Amino acid sequence: MCGIVGYTGTENARKILIEGLKILEYRGYDSAGIGLVSETDFQLARVKGRVEGLNEIRINGEFTCGIGHTRWATHGEPSVENAHPHRVGRVTLVHNGIIENYQELKKELEGEGVVFNSQTDTEVACALFDKYYDGSTHPCVAIYKAISRLKGSFAFALMFKGYEGRLFGLRHKSPLLVGKGKTGMHLASDLTALLPYTDTYTLLEEGEVVELRASESIFYSYDGIYDPVWHHSSLSYESCKKGGYDHYMLKEINEQPEAIEKTISPRINGGLPDFSSDGITKELFDGIKCVHIVGCGSAYNVGLIGARLIEEHAKISASAFVASEYRYSPPQNMQGALVIAISQSGETADTLASVRYARLCGCPVISVINARESSIARESSRIIYTHAGPEIAVATTKCFSAQLSIMYLFSIFMGTCKGRLTDATARELTEGMLRCSSTISRRLKGAGELLELSKSLSGASSAFFIGRGLDYFMCLEGALKLKEISYINAQAYQAGELKHGTISLIENGTPVISLMTEKRLFDKTLSNLKETKSRGASTVCFLAKTEKSPQECGDFNIFLKGNSFIESLFDQLVCLQLLSYHVARLRGCDIDKPRNLAKSVTVE
Ligand code: G6P
């Protein structure tokens, strides 16, 4: 949550900072600000709302050094006073994270005469840096003194009086990258914000501090100065643009065939799943008694499907856990558990904490990650990178698909390694996966019926998704998508559970969307749907191939494409994404940046 940027060089810092913040806006968009400094001048511009608002603020003079922030409010409402940068005495900074002990520090600093102007934990941290910075010693002395007293998670970009033209960066649990550009040095919360200027970057490690000048960088650790390892990103800036689409979400929905293709092709060998290029071989499963999958939001939904697939294909006990629960209430017996962490960003705080817990327990941890070199990736025993490319819309689409394709292949792989699937069955299942990209492409070429359906849904105030088995997990994702971007109160239920309470909510015209790819459970779910129809519901069915006539199914039926279960499941997923997208669009919602949300959740 929150995005931070910094630049010191020879070009217009204001322009560079605002451009970087726009790219990072998916991390939070409650308020934004920049602080600019020169030898003789300092200017602060802060706005409530979107980064765009910074362009309206008049700034006199030319600056080539500064820091910027886009905020997802934690402590203190979204307002100009609470917006970053914060400035106390001789220190100006921006912050991503939470200072957990800020109240006790605030009391101490107030006792020493500091007057605070905001309700934020960040301003307290700023005052603490200022307390230890006396102007005569190097800022690193103050930085190390201050961070020894801070509890929580943080990444800071700081500027110190007396060191005009220089930036300082440090991190603890929250990410911070340093970019080496042609015109100067950059700091950013994430690689995408560096891409307009450079493909050369390094990640700050915990406890390290970087000092940036226009053409040089000095890296400090507790042991002294060191040379970092610079990486070269293969991502292009173009891949982070909308590319002619009205919304990132629509672009990313359309990129799914390619994302799946790129993700699965390096992991299929001779028609069978093969994860040896990720360092995962049969031996890793020796002594494994169960699988725990952890994730948050949509990643958790992928985990639910993945766990069921692992149980089915590998016949080993597998469960999915919401990471924020797993970290504090983990299963009693961790012995013999293989832990799989699923995360697009690789920075979700609860998922990262779960990974740390699992490693402390001695469990092998495999992470399924989209963002290279992210914190979770670096702390896992093995990494399976999804190759979905940058995902900007807050609501995940192509990363979900890429993660799901990995979990599907992984379950087959585990099944073959454990001797629970024959090669012939594994091959047949894999062939289905190989066809998914083209199945989805066909859906994307002609999704007119979904647009029609979305018109009838767009006026609803609530909607129910029902299904059984894997379809129920897909209902959770369908309902999450719809509610997060269209603000319709959408709920998912196991179809068989409706009669135990929820059915009392069905009124005339209430939309009930039934997912029915699980053939063995088709008739059962259909009966449940009929029960809602009898009580006035407006029914929608997503159907795989069936002998039933449309009249016997829903008021509105979507026939899914593909000849295998996995193709129907992916097609269904894409339909649900498109449905949410069109409904949100018809309701005039801010699709890529839904209210109150942020894409990368780096606080608990
Ligand atoms: C946020 C996003 C979701 C995402 C979840 C987990 O809630 O809006 O789309 O599924 O975080 O994020 P991660 O980066 O760990 O996949």
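## His-84 and its surroundings

The side chains of His-84 and His-69 form a polar contact at 3.2 Å; such a contact is a pair of N or O atoms within 3.5 Å, and within protein one must be able to donate a hydrogen and the other to accept it, while residues adjacent in sequence count only if both atoms are side-chain atoms. A second polar contact, of 3.4 Å, links the side chain of His-84 to that of Thr-122. His-84 sits in the loop between strands E4 (65-71) and E5 (86-88); strands are DSSP runs of at least two residues (E) and helices of at least four (H or I), numbered from the N terminus.

His-84 counts as buried because its relative accessibility is 3%, the cut-off being under 20% with a 1.4 Å probe and protein chains only.

## Basis of the model

The model is predicted: local features need pLDDT of at least 70, side-chain atom pairs count only at pLDDT 80 or more, and totals for chains, interfaces and linings use all residues. Residues are numbered from 1 along each chain as its sequence is written, and side-chain values use heavy atoms, with hydrogens and water left out.

## Ligand site

The ligand is surrounded by 13 residues, each with a heavy atom within 4 Å of it. Helix H7 (residues 297-314) supplies the largest share of this shell, three residues.

Oxygen atoms of the ligand lie 2.5 Å from a side-chain N or O atom of Thr-348 and 2.6 Å from one of Ser-345. A polar backbone atom of Ser-298 is 3.1 Å from a ligand oxygen.

Terms used:
Buried < 20%, exposed > 50% of the residue type's maximum accessible area, 1.4 Å probe, protein only.
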